[in-house]
Amino acid sequence: MLDWNPQGKKTILSIDGGGMRGVITLAMLAELEAQTGRPAWDMFDLVAGTSTGAIIAAGLAVKMSAAQILAVYRDELPRLFGTQDVFFWLRWLFAHRLRHLYPLEPFRLALQKLVEGKKMRDLTDPIVLFTVKDVRTSSTYFIVSAGRGAAAFADWPVAGAVAASGAAPIFFPPVAGNLIDGGVGVYGNPCLAAAIEAMEYIGAAAGFVDGRVIHLSLGTGYPPLTFADGAAGRFWLKDWIEYIVGENLDDSGLQQVFTTRAIYRHRMDFRRYNPLLTRDNIEKTLELPNTAWIDPARLGLDSRRPTEIHLMEQIGQAYARRLDWTAPDVMPWDTVGGHPAPDKAMMQIDWAQTPYR
């Protein structure tokens with residue numbers, strides 16, 4: 001059996017947002033469970049998550065295995081999105097008044113089953129951290145179950161905190177009228193928040209001391225956002241909105257990784273894993289036959305068709321099987337099939353074809 005923490009160091013798990021792409025992350029964790037013979041909740045001392053990561057963190061905190069949570073994502077969560085037929089769009093237009101695509105009530109009921117009416121103070125082993133944005137103040141709340149910040153959130157229902165962390169604008173309405181997805185801003189990847197919470201606020205009292213911590217940061221897959229030369233000149237409103245939102249999410253997520261490594265490189269063993277979602281990578285590097293002809297780069301927050309879920313599960317499993325879970329200080333581009341290193345090369349500009357020469 002694999003032992004990726006032979007020295008018994010304190011461990012942190014942080015999980016990005018990404019909606020149904022959480023299937024990829026859960027498949028990775030389920031593969032780690034298979035290799036170690038241990039449930040994921042028993043491997044980590046602190047689990048942090050944003051949006052779908054918060055759902056996974058809550059599941060681990062109530063002693064569900066990653067394989068069990070994966071079954072929930074596979075069998076139950078797709079039903080929360082309903083069928084996008086003509087009645088779906090009529091509801092969006094008239095009942096929801098273009099404010100959100102999906103109602104929150106089915107999500108709330110599913111979460112209450114998952115966390116059994118627990119309060120934040122009940123989640124102590126592992127400790128959890130969720131990120132939530134409050135529209136009233138534009139503040140990000142770091143909802144924790146231990147440490148200095150725990151008292152402020154002790155009586156929050158876990159279902160409410162998780163629903164708020166996952167209330168992505170446009171997809172779901174705000175929780176309690178004000179609380180939205182913690183990924184709005186720069187904390188779609190909560191690795192830096194988790195590192196700060198563990199090392200600065202929870203600290204030595206719980207064993208988080210320099211040189212004795214391993215931090216695994218898991219993404220939900222990286223769909224590259226690149227275009228051919230000159231494509232931007234043909235963009236219209238929809239293209240620019242998609243590009244700006246996508247780039248903000250990608251850049252902020254990568255920024256959290258670089259910042260965490262820069263600050264804590266000599267204090268913790270930080271490892272980032274995130275598979276690249278391209279046809280070429282999936283079919284050639286991870287060697288998965290894409291028989292459904294799904295473009296992995298189009299897998300989104302609400303990708304819930306059985307073929308899409310099956311592909312995401314395969315991606316997470318295949319990627320995890322190629323990881324060396326014992327290697328320290330890993331970045332995605334150090335792994336087989338991972339997110340490639342940012343391209344620092346400067347592209348040539350043909351100034352002769354512009355009026356600015």
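Analyst: One term before we start: a crossing is left-handed if the near helix is turned anticlockwise from the far one by less than a right angle, and right-handed if clockwise. Also, this is a predicted model.

User: OK. Which hand is the crossing of α2 and α8?

Analyst: The crossing of α2 and α8 is right-handed. The axes of α2 (residues 52–61) and α8 (residues 158–165) come within 7 Å and cross at roughly 155°. Angles over 145 degrees count as roughly antiparallel, so α2 is roughly antiparallel to α8.

User: Which residues of α2 and α8 meet?

Analyst: From α2, Ala54, Ile55 and Ala58; from α8, Val158, Val162 and Ser165. By class, that contact of α2 with α8 has five nonpolar residues, one polar and no charged ones.

User: Is α8 largely enclosed or open, and why?

Analyst: Largely enclosed by the rest of the structure, because seven of the eight residues of α8 are buried. Those buried in α8 are Val158, Ala159, Ala161, Val162, Ala163, Ala164 and Ser165.

User: What covers the buried residues of α8?

Analyst: The cover includes helices α2 and α6 (105–115), along with strands β2 (46–49), β3 (127–134), β4 and β5 (179–181).

User: You mention β4. What does Thr140 touch?

Analyst: Thr140 is in strand β4, residues 139–144. Leaving aside neighbours within four places in sequence, Thr140 is in contact with Thr131, Val132, Lys133 and Tyr187. As for Pro39, which is 101 residues from Thr140 along the chain, the two C-alpha atoms are separated by 31 Å.

User: Switching to α9 and α10. How do their axes cross?

Analyst: At roughly 25°, with the axes of α9 (residues 191–202) and α10 (residues 237–264) coming within 8 Å. Angles under 35 degrees count as roughly parallel, so α9 is roughly parallel to α10. The contact of α9 with α10 divides into eight nonpolar, three polar and one charged residue. On the α9 side the residues are Cys191, Leu192, Ala195, Ile196, Met199 and Glu200, and they meet Gln256, Val257, Thr259, Thr260, Ile263 and Tyr264 in α10.

User: What about α1: what span should its 15 residues have?

Analyst: At 1.5 Å a residue, α1 (residues 22–36) should span 21 Å, and its end C-alpha atoms are 21 Å apart, so the two agree. Helix α1 is mostly covered, with 13 of its 15 residues buried. After α1 comes Gly37, with a positive phi near 75°.

User: Which residues other than glycine have a positive phi?

Analyst: Among them are Ser138, with phi near 60°, and Asp329, at about 50°. Most residues other than glycine have a negative phi.

User: Where are Ser138 and Asp329?

Analyst: Ser138 is in the loop between β3 and β4, and counts as exposed because its relative accessibility is 54%. Asp329 is in the segment after α12. With a relative accessible area of 30%, Asp329 is partly exposed.

User: And which residues does the cis peptide bond join?

Analyst: Asp125 and Pro126, with omega about 5°. Pro126 lies in the loop between α6 and β3.

User: Last one: is Ile309 buried or exposed?

Analyst: Ile309 counts as buried, because its relative accessibility is 3%. Ile309 is in helix α12, residues 306–321. Not counting residues up to four places away in sequence, Ile309 touches Met20, Val23, Tyr73, Arg74, Pro78, Ser303 and Arg304.

Conventions: Residues numbered from 1 in each chain as written. Predicted model: local features only at pLDDT ≥ 70, side-chain atom pairs only at ≥ 80, totals over all residues. Heavy atoms only, no water. Axes fitted to C-alpha atoms, helices over the stretch in contact; angles between N-to-C directions. Helix = DSSP H or I, 4+ residues; strand = E, 2+ residues; numbered from the N terminus. Parallel < 35°, antiparallel > 145°, perpendicular 65-115°, else oblique. Contact = heavy atoms within 4.5 Å. Nonpolar A, V, L, I, M, F, W, Y, C, P; charged D, E, K, R; others polar. Expected span 1.5 Å × (residues − 1). Buried < 20%, exposed > 50% of the residue type's maximum accessible area, 1.4 Å probe, protein only.
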